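Here are a few exercises to work through with the viewer open. Try each one before you read its solution.

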Amino acid sequence: MTVVCKTKMGWFIDHLLAVDGAYTGHQTTTHYSLKSAMFDMQCPFMMDSQFEKWHKLQETQQTPQTKKRKRRIPDMSGGGDTSELKELVERLSSAHKTLVAAARQHGHLLERKVVPSNNNTAARLAASLAGPGDRLAEVAESWSKGENSWQSPHLINDSGTALSMADVFHRRVTYKGDNPVVMCLDGHHYLIPPRSSFVMSDFNQLLQNSNTLQGGYDLIVVDPPWQNKSVKRKRSYYSLEEESLLRLPVADLASPSCLIVTWVTNKPRLTSFVQDQLLPHWGVQQVMQWHWVKVTVDGTMVCDIASPTKKPYETLLLGRLVRKGGETTQEKQGPPVTSGHSSSFVESLSVKGVSSTHHDQHTSVPVTLRADNSNTSDQDLLATSRANDSDVIDQYVAKVKEYDSSSLLQSSKGNNSHVTHGYLSEGNVSDLPDNRVILSVPCSLHSKKPPLQDVLAQYLPPTPACLELFARNLWPDWVSWGHEVLKHQHLDYFEEKT
């Protein structure tokens with residue numbers, strides 16, 4: 001279970017533990033996990049030259065001397081309210097202190113007496129990989145230059161058949177097995193988790209080709225490639241103008257009361273855009289703000305929370321989609337779609353997330369790949385007659401209510417004993433708390449976010465259909481789309497466990 005402990009302020013989660021669970025096969029002795037060294041964050045983030053000075057001060061237990069000359073500190077409010085920024089820093093500092101104390105009671109984030117001898121060298125080396133993982137966006141862009149390069153859905157078998165890049169780009173790829181499989185792609189190996197689907201393509205190609213899949217998701221996580229000076233300078237990843245996100249018909253991808261989560265950088269301008277424009281445009285009326293606070297293995301924040309340049313936290317904005325009168329509330333106006341771009345993007349993305357114990361009964365895959373369509377699942381209810389959403393809502397809520405207290409208690413035993421399902425019917429936005437904190441040791445892979453499944457479980461139906469947009473990795477029972485959706489699946493990032 002990802003959640004180690006929970007307080008009224010938030011959660012401390014173990015990212016590596018979540019990966020261990022995702023790649024533990026049920027019928028094999030070989031298990032996989034991300035290299036544990038990627039989470040060996042021994043000291044705060046800093047340049048090597050800064051580390052040398054910091055290390056000497058730590059060894060001698062000296063306090064850094066402050067220079068007497070005055071230096072102008074940049075205004076990091078970005079035009080925002082400095083009082084709000086001060087309040088945020090105080091709230092996150094308090095949550096950090098509380099969650100670290102709770103984690104230590106569970107044997108995590110223990111204080112150390114030995115000063116780290118290197119600047120997170122092991123973590124940085126474990127994340128260094130030159131090769132196809134750095135070329136996926138480039139390949140996707142080159143493919144997008146064709147008039148119509150979209151392909152029919154593809155099913156991966158258990159043997160991990162060797163494929164080429166041409167076999168996986170611009171199509172829905174599904175793996176239905178219950179054990180992870182290694183896929184050979186142009187001579188390189190990628191680890192595919194159980195019961196997962198992905199679509200790897202250029203943004204515009206995805207908008208143009210929308211005739212293979214459909215919507216109905218209970219959770220949609222969006223991690224946009226925001227533009228910033230650092231990304232442009234380092235060319236870390238493909239970036240997208242924020243206005244382009246308004247073209248995504250997220251409301252059409254969503255089930256009634258879908259929970260929509262959007263990651264955003266710490267720029268107040270972008271936070272305002274997502275909160276005041278993007279999420280309302282998608283149909284979210286009440287937006288909650290959470291933060292992910294990153295710490296080292298002893299619980300120290302990865303950088304000074306008062307730093308004018310770098311912050312030890314990232315922001316996620318979340319809320320429920322609200323429908324009115326059977327119609328989605330997503331605004332139909334907005335930036336014009338470029339020539340040739342279809343608005344039927346909804347039809348190109350859908351899969352029903354399932355638990356492994358009910359895989360045969362509830363899994364939904366493309367029609368062209370499904371062998372048995374005789375079983376009725378939650379997804380079947382959600383997919384019926386989208387022209388009459390009110391009927392769909394009534395059927396779905398009725399089906400959720402069929403889960404009596406005994407079945408919920410049974411499903412929450414063992415590792416899930418701390419979870420209380422707070423998911424309610426359509427239009428329920430008040431069940432989401434505001435100002436919560438997720439605390440974890442970050443992975444050294446660039447821009448890799450912590451898993452949200454277990455934290456959000458109490459706000460979702462028992463077996464939710466989950467979608468991630470702009471993903472760079474895969475999860476069991478999820479559909480993932482992005483330019484570099486396989487980037488963090490390269491086998492060189494993993495280690496075998498027997």
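**Exercise 1. How many salt bridges does the rule give?**

First, the ground rules. This is a predicted model, where local features need pLDDT of at least 70, side-chain atom pairs count only at pLDDT 80 or more, and totals for chains, interfaces and linings use all residues. Residues are numbered from 1 along each chain as its sequence is written, and side-chain values use heavy atoms, with hydrogens and water left out.

Step 1: set the cut-off. A salt bridge is a side-chain nitrogen of Lys or Arg within 4 Å of a carboxyl oxygen of Asp or Glu.

Step 2: count. The rule gives 11 salt bridges.

**Exercise 2. Take the salt bridge between Asp20 and Lys497 and work out which parts of the chain it links.**

Step 1: check the distance. The closest N and O atoms of Asp20 and Lys497 are 3.6 Å apart.

Step 2: Asp20 sits in helix H1 (residues 15–22) and Lys497 in strand E18 (residues 494–497), so to speak distant parts of the chain, 477 residues apart. Helices (H or I, at least four residues) and strands (E, at least two) are DSSP runs, numbered from the N terminus.

Step 3: Lys497 is partly exposed at 34% relative accessible area; buried means under 20%, exposed over 50%, and partly exposed in between (1.4 Å probe, protein chains only).

**Exercise 3. Describe how strand E5 is paired and where its side chains point.**

Step 1: find the partners. Strands pair if DSSP finds at least two bridges between them. Strand E4 (residues 154–156) runs parallel to E5, with 3 bridges, and strand E8 (residues 196–200) is antiparallel to E5, with 4 bridges.

Step 2: Ile156 is opposite Tyr175 of E5, and Arg172 is opposite Val199 of E8.

Step 3: sort the faces. In a regular strand the side chains alternate between the two faces of the sheet. In E5 (residues 172–175), Arg172 and Thr174 point one way, Val173 and Tyr175 the other, and all are buried.

**Exercise 4. How many disulfides does a search of the whole structure find?**

Step 1: apply the criterion, a pair of cysteine sulfur atoms within 2.5 Å. The search returns 0.

Step 2: For Cys466, the nearest cysteine sulfur belongs to Cys258, 9.1 Å away. Cys466 is buried, at 5% relative accessible area.

**Exercise 5. What does the side chain of His281 reach?**

Step 1: locate the residue. His281 is in helix H10 and is buried at 3% relative accessible area.

Step 2: find the partner. The His281 side chain reaches the backbone oxygen of Leu246 at 3.0 Å.

Note on methods: Polar contact = N/O pair within 3.5 Å; in protein donor to acceptor, adjacent residues only side chain to side chain.
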